[in-house]
Amino acid sequence: METHFSKEQLKNKDNKSSEKILRKCVHCGFCNATCPTYQLLGDELDGPRGRIYLIKDMLENNKPANEKIVKHIDRCLSCYSCMTTCPSGVNYMHLIDHGRNHIEKTYKRPFGDRFIRNFLSIVLSEPINFRIVGILAQFVKPFRFIFPKKVREMINLMPGKFPKKTLANMNVYLAKNKKKPVARVALLTGCVQKVISPQINEATIRLLNRHNIEVVVPKGINCCGSLNHHLGKSDLANKTFRKNISIWYNEYLKNGLDAIISNTSGCGTTLKDYGFIFRSDENLKKKAKKVSELTKDISEYLDENVKLNFIKKNENEKEYKIAYHSACSMQHGQKVHEVPIKLIKKTGNKVLDIPDGHLCCGSAGTYNLLQNNIAKKLLENKISNIEKIKPQFITTGNIGCITQIAKGTKIPILHTAEIIDWYTGGPKPKILRKL
Ligand code: SF4
Ligand code: SF4
């Protein structure tokens, strides 16, 4: 695609990167075919190619965003299905991130929008805030009809109660053989995940410790920063990124880290991008690159580094039919798709493919809160595709998808790490107790 940035504009590092990306696009439109919002809405501007043109126009012409541009960019899920399809290797992820930052700097959203986005930014990125709001939401639930639709939907989405943790909060979880661990990894325990589904981190820690791996949860790291990053709030996101990078890098230098484990694929995608985000920051670029290089999804880490001790089940043990939902951030963002399936198959169960598995379930970070109608439609489609194959349970590697899919079906859904933990000597996950 021809571009017309001036020399002055190209002195800005973000313009320079976006120009390179834009030049790769040959406007073939292949990406539209796998874009969930284009499939649903059928508008060119609700597909990747149209959005690329909108962003190009804003950046090249130094245009502030307007209501129309914001509408179409906001409808993008950041699912990156278009990146998997694109034959020219267009990095849509970096381009839309730049577009979102530009919108945040040049467009004043209506008061209601600003309020909700700021509210989500404050509440979801801090576990303590999320817990407090969750408790308050229980009290206002009976009166939710008095609130505007978006707030009502948010109240509906808050969990009824927060499950109790079974593992104490610690900075270091020792390996089975305390004196001779085979590796030492840091675990990102996440912001929302550790409040609503602590069993996922617990299964991950147990599983790693049982295979003689020491797990560190450094103090001070909660959110990975992707929530604010995707809301276009780059200052807030960068503050979190900087803090996380310093903490992890210090831990790496002082005590050694073989990997930084993410068990939430949305967060893992952002961690792997820290190196790009700080590519021009002289103080941080080396550290950010190292953090990105160390980051592994739990499934990748297990596959590449651990000889898993699967426990043979006796002959009477059922063979389950498990649907694997490949989260967009996992399959399109991190390009990790086959590995979790391979691990689940090693448990001796049957893994079923979900039709149209490349399409988003509608969760997409805060998307199900901000774009409720599109998210609902995507969820309906996902549930219909899952129910067609009649699995006994569903598994995935992202808390957002777990929460979203659980809203639409009675089929139990759990994290892949919980299954691997169970089949290597951990407890049977509570959600499967009736199976
Ligand atoms: S598939 Fe790639 S090259 Fe073709 S229009 Fe989409 S982004 Fe551009
Ligand atoms: S990220 Fe997803 S929703 Fe956004 S343009 Fe690409 S395919 Fe469409």
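1. Two strands count as paired if DSSP finds at least two bridges between them. Helices (H or I, at least four residues) and strands (E, at least two) are DSSP runs, numbered from the N terminus. On that basis, strand 6 (residues 321-324) and strand 8 (residues 393-396) pair in the parallel sense, over 3 bridges.

2. Ground rules for this note. The model is predicted, so local features need pLDDT of at least 70 and side-chain atom pairs count only at pLDDT 80 or more, while totals for chains, interfaces and linings use all residues. Residues are numbered from 1 along each chain as its sequence is written, and chains are lettered from A and ligands numbered from 1 in the order in which they are written.

3. An open sheet of 4 strands has the order 7-6-8-9, with parallel pairing. Its edge strands are strand 7 (350-352) and strand 9 (413-415), each of which pairs on one side only. From one strand to the next, the twist averages 35°. Axes here are lines fitted to C-alpha atoms (for helices, over the stretch in contact), and angles run from 0 to 180 degrees between N-to-C directions.

4. Helix 19 (residues 338-345) lies across strand 6, strand 7 and strand 8. Its direction runs at about 165° to strand 6. Helix 22 (residues 399-408) packs on the sheet and touches strand 8 and strand 9. The direction of helix 22 makes about 175° with that of strand 9. Contact between two residues means C-beta atoms, placed from the backbone, within 7 Å.

5. Strand 2 (residues 183-188) and strand 3 (residues 213-216) pair in the parallel sense over 4 bridges. V185 stands opposite V215 in strand 3.

6. Helix 1 against helix 6. The axes of helix 1 (residues 13-24) and helix 6 (residues 92-106) come within 9 Å and cross at roughly 135°. That makes helix 1 oblique to helix 6. The angle classes are: under 35 degrees roughly parallel, over 145 roughly antiparallel, 65 to 115 roughly perpendicular, and the rest oblique. The crossing is left-handed, meaning that the near helix is turned anticlockwise from the far one by less than a right angle (clockwise would be right-handed). D14, S17, S18 and I21 of helix 1 make the contact with H94, L95 and H98 of helix 6. By class, the residues of this contact divide into 2 nonpolar, 4 polar and 1 charged. Ala, Val, Leu, Ile, Met, Phe, Trp, Tyr, Cys and Pro count as nonpolar, Asp, Glu, Lys and Arg as charged, and the others, Gly among them, as polar.

7. Helix 7 against helix 8. Helix 7 (residues 111-124) and helix 8 (residues 127-140) pack at an angle of about 110°, with their axes 6 Å apart. The two are therefore roughly perpendicular to each other. I122, V123 and L124 in helix 7 meet N129, F130 and V133 in helix 8. The contact has 5 nonpolar residues, 1 polar and no charged.

8. Ligand 1. Which residues are around ligand 1? They are C25, V26, H27, C28, G29, F30, C31, P48, R49, C86, S88 and V90. A residue is near a molecule or strand if its C-beta atom, placed from the backbone, lies within 6 Å of it. The shell divides into 8 nonpolar, 3 polar and 1 charged.

9. Ligand 2. Of the 13 residues around ligand 2, C35, P48, C76, C79 and C82 come nearest. Helix 2 (36-41), helix 3 (48-60) and helix 5 (81-85) each supply at least two residues of this shell. By class, the shell has 9 nonpolar, 3 polar and 1 charged residues.
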